[in-house]
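Visitor: I have not looked at this one before. Can you walk me through it, a piece at a time?

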Amino acid sequence: MASAELRDELNCSICLSLYTDPVSLRCGHNFCRSCIVSVLDAQEAAEEYSCPDCRAEYPERPVLEKNRKLRNIVERFSSTQPDMEETRIFCTYCTKSPVPAVKSCLQCENALCGKHLTAHNKTVDHLLTEPTESFVNKKCSLHKKVLEYYCPQDTACLCASCCLVGEHRGHRVELLDEASEKKKKKLREYLDELNPQKADIQTKVQNLQAYKKKIHEKASDKRKNVSKKFIHIEERLETAEKKVLSEVSRQEEKIVSQISHLIEKLEIKEYELSRKICHVEEMSRVIDPIRLLQESDIKIFGHGGDEDTGGDGGEVSTEEDLDEVLISLTLH
C-alpha cells in the first residue's frame with residue numbers, strides 16, 4: 001500500500017505516468033519536461049501562460065527548472081520495483097515467501113509461479129491465462145465452466161455447454177482468441193479514422209489562432225492610422241475620431257468573439273477525440289480477450305460514422321463572413 005501511495009506521488013499530473021526528466025514551475029508544481037513544454041506551446045498562441053495544476057498565471061513563458069532530487073527519487077523507485085509490483089498477484093502455493101505468478105489456471109482457480117506451473121502442466125491439461133485473482137468473469141455463470149467461445153449473434157462469451165444446450169444452441173460461435181483478434185483489428189481501423197480527424201481539428205485550431213492574430217494586427221494598424229490622421233485635426237473633429245475608433249474596436253471584438261467561439265468548439269471536439277483515442281488504445285492493448293469482448297463502452301463506427309466528429313456545420317460560411325469584415329476594415 002505504501003508503495004502504491006508513493007507511486008501516485010511520483011506520477012506526472014499531465015501524462016499520469018512516472019516523471020520523465022522532471023522540471024518545476026515557480027509555483028512549485030512538477031511535470032515531465034515534454035508534457036509541460038507541450039502545454040506551454042499550446043498556450044503560446046494566446047500569450048497567456050498558466051500552471052496546469054494550480055492555474056497560477058505567468059506574464060511571460062515560465063523558465064523550467066530541473067528537479068534533480070525528484071528525478072533521483074523516481075529512478076531509485078523504478079529500480080527497486082520487482083515484476084510482482086506490476087501485477088501484485090502471487091503464487092497460491094508459495095505461502096512462506098511471496099513469488100510473483102506467471103500464469104493462472106482457470107479450472108483450478110490458482111495463480112502459479114514458474115516452478116509450480118511446470119509441475120501443474122505435467123499432471124493436467126488445463127486452460128491457462130495471464131495472472132489474475134478474479135475468476136468469476138472468466139467462467140460461465142450458468143454452467144460454472146471456463147468461457148472458451150464467443151457468440152457474435154448475441155455478443156456473449158460462452159462455455160462449451162452453452163454451445164450445446166440453451167438459448168445459444170445452433171448459433172455460429174468463434175474461439176475467444178479469434179474473436180478477440182477480430183475486435184482488435186476493428187479497433188485499429190477505428191484508430192486510423194480517429195487520428196486524422198484529431199489532426200484535422202488541430203490544424204483548424206492553428207489556422208483560427210493565426211486568423212485571430214491577424215485580426216488583432218489589422219485592428220491595431222487601423223487604430224494607428226486613424227490616430228495619425230486625427231493628430232493634426234482641430235478639436236471639433238475629436239468626436240469623429242472617437243466614433244471611428246469605437247467602430248473599429250466593435251468590429252474587432254465581434255470578429256474575435258466569433259473566432260474564440262469556433263476555437264472553443266474545436267478544442268472540445270479535440271478533447272473528446274483524445275479521450276476516445278486513449279480509451280481505444282488502452283483496450284487494443286488488453287490481453288484478456290474476455291475483458292476486451294465484454295467491454296461495452298466502445299462503439300466502432302464505419303468510415304465517417306462517428307457522430308461526435310461530424311461536419312463542420314457553418315464554419316466555411318462563417319470564415320467567409322470574417323473575410324468580408326476584414327476587407328471592410330481595410331477599405332474604410
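This is a predicted model: local features need pLDDT of at least 70, side-chain atom pairs count only at pLDDT 80 or more; totals for chains, interfaces and linings use all residues.

Visitor: How many bridges join β9 to β11?

Guide: Strand β9, residues 149-151, is joined to β11 by 2 bridges, and the two run antiparallel.

Visitor: And what stands opposite Tyr150?

Guide: Glu174 in β11.

Visitor: Let's step off the sheet. Where does Lys139 lie?

Guide: Lys139 is in the loop between β8 (128-129) and β9.

Visitor: Is Lys139 buried or exposed?

Guide: Lys139 counts as buried, because its relative accessibility is 18% and the cut-off for buried is under 20%.

Visitor: What is Lys139 in contact with, leaving aside its neighbours within four places in sequence?

Guide: With those set aside, Lys139 has contacts to Leu106, Gln107 and Glu109, and also to Lys144, Lys145, Val146 and Leu147.

Visitor: What separation is there between the C-alpha atoms of Lys139 and Cys157?

Guide: They are 9.2 Å apart, and the two residues are 18 residues apart along the chain.

Visitor: New topic: helix α2. What should its 12 residues span?

Guide: Helix α2 covers residues 33-44, and at 1.5 Å a residue it should span 16 Å. The end C-alpha atoms of α2 are 16 Å apart, which agrees.

Visitor: Which residues of α2 are buried?

Guide: Cys35, Ile36, Leu40 and Gln43. Seen down the axis of α2, the buried residues fall within an arc of 125 degrees, so they line one face of the helix.

Visitor: Why would residues three or four places apart point the same way?

Guide: An α-helix has 3.6 residues a turn, so residues with that spacing point the same way.

Visitor: What do the buried residues of α2 pack against?

Guide: Three strands: β1 (22-24), β2 (30-32) and β3 (49-50).

Visitor: Last thing, pockets. What volume does the largest pocket have?

Guide: About 1500 Å³. The largest pocket is lined by 34 residues, and those nearest its centre are Val39, Ala42, Gln43, Glu267 and Glu270.

Visitor: Which elements give two or more residues to that lining?

Guide: They are α2, β3, β4 (57-58), α7 (176-230) and α8 (238-284).

Visitor: Which gives the most?

Guide: α8, with 10 residues.

Key: Residues are numbered from 1 along each chain as its sequence is written. Side-chain values use heavy atoms; hydrogens and water are left out. Two strands pair if DSSP finds at least two bridges between them. Helices (H or I, at least four residues) and strands (E, at least two) are DSSP runs, numbered from the N terminus. Buried means under 20% relative accessible area, exposed over 50%, partly exposed in between (1.4 Å probe, protein chains only). Contact means heavy atoms within 4.5 Å. The expected span of a helix is 1.5 Å times one less than its number of residues. The arc is that of the directions from the helix axis to the C-beta atoms. On a 1 Å grid over the protein atoms alone, a cavity is a set of points where a 1.4 Å probe fits but cannot get out, and a pocket is an open set with protein on both sides within 12 Å along at least five of seven lines; lining residues have an atom within 4 Å of a point. Grid points are joined across faces, edges and corners, and a volume is the space filled by probe spheres set on the points.
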